[in-house]
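I am opening a notebook on this structure.

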Amino acid sequence: MRAEITKSGEITIVRLEGQISFDAIFPFRDHCVNKLKGSKVVFDLGQLSFVGSTGITSFFEIIKDVLEGKL
């Protein structure tokens, strides 16, 4: 998985490419913890080619943590 982060005004845009897999989700979560706390974030999933069930579950847990301010 590749993630590209850009800013558009107050919005942080995270564009994901490739595959969300169990192996890739933990480094991605760590990056979210360090870079997205308190940000308004849009996740662009348009370039993902594959998302396994474990990867997507973990991805939504990260989003939930961002929304609840747990990061």
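**The hairpin**

I began at the turn between β1 and β2, where G9 has a positive phi near 65°. This hairpin leaves 2 residues between its strands. I note here that the model is a predicted one.

Next I looked up the two strands themselves. Strand β1 covers residues 2-8 and strand β2 covers residues 11-20. They run antiparallel, and 7 bridges join them.

Then I checked who faces whom across the pair. E4 is opposite R15 in β2. I5 is opposite V14 in β2.

**K7 and T12**

K7 sits in β1, and T12 sits in β2. I found a polar contact of 3.3 Å between their side chains.

Is K7 buried or exposed? Its relative accessibility is 57%, so K7 counts as exposed; the cut-off for exposed is over 50%.

The cut-off for buried is under 20%.

Which residues does T12 touch, leaving out those up to four places away in sequence? I listed I5, T6 and K7, then L36, S39, K40, V41 and V42.

K40 is on that list, and I looked it up against K7 too. K7 and K40 lie 33 residues apart in sequence. In space, their C-alpha atoms are 9.9 Å apart.

**The two helices**

I turned to the packing of α1 and α2. Two packed helices are described by the angle between their axes and the distance between the axes. I therefore looked up both values.

Helix α1 takes in residues 22-35, and helix α2 takes in residues 53-68. Their axes are 9 Å apart and meet at an angle of about 10°. Angles under 35 degrees count as roughly parallel, so α1 is roughly parallel to α2.

What kinds of residue make up the contact of α1 with α2? I counted 6 nonpolar, 3 polar and 2 charged.

Which residues are they? From α1 I wrote down F22, I25, F28, R29 and C32. From α2 I wrote down T54, G55, S58, F59, I62 and D65.

**Recap**

I close with two points to look for on screen.

Conventions
Residues numbered from 1 in each chain as written. Predicted model: local features only at pLDDT ≥ 70, side-chain atom pairs only at ≥ 80, totals over all residues. Heavy atoms only, no water. Pairing = 2+ DSSP bridges. Helix = DSSP H or I, 4+ residues; strand = E, 2+ residues; numbered from the N terminus. Axes fitted to C-alpha atoms, helices over the stretch in contact; angles between N-to-C directions. Parallel < 35°, antiparallel > 145°, perpendicular 65-115°, else oblique. Contact = heavy atoms within 4.5 Å. Nonpolar A, V, L, I, M, F, W, Y, C, P; charged D, E, K, R; others polar. Buried < 20%, exposed > 50% of the residue type's maximum accessible area, 1.4 Å probe, protein only. Polar contact = N/O pair within 3.5 Å; in protein donor to acceptor, adjacent residues only side chain to side chain.
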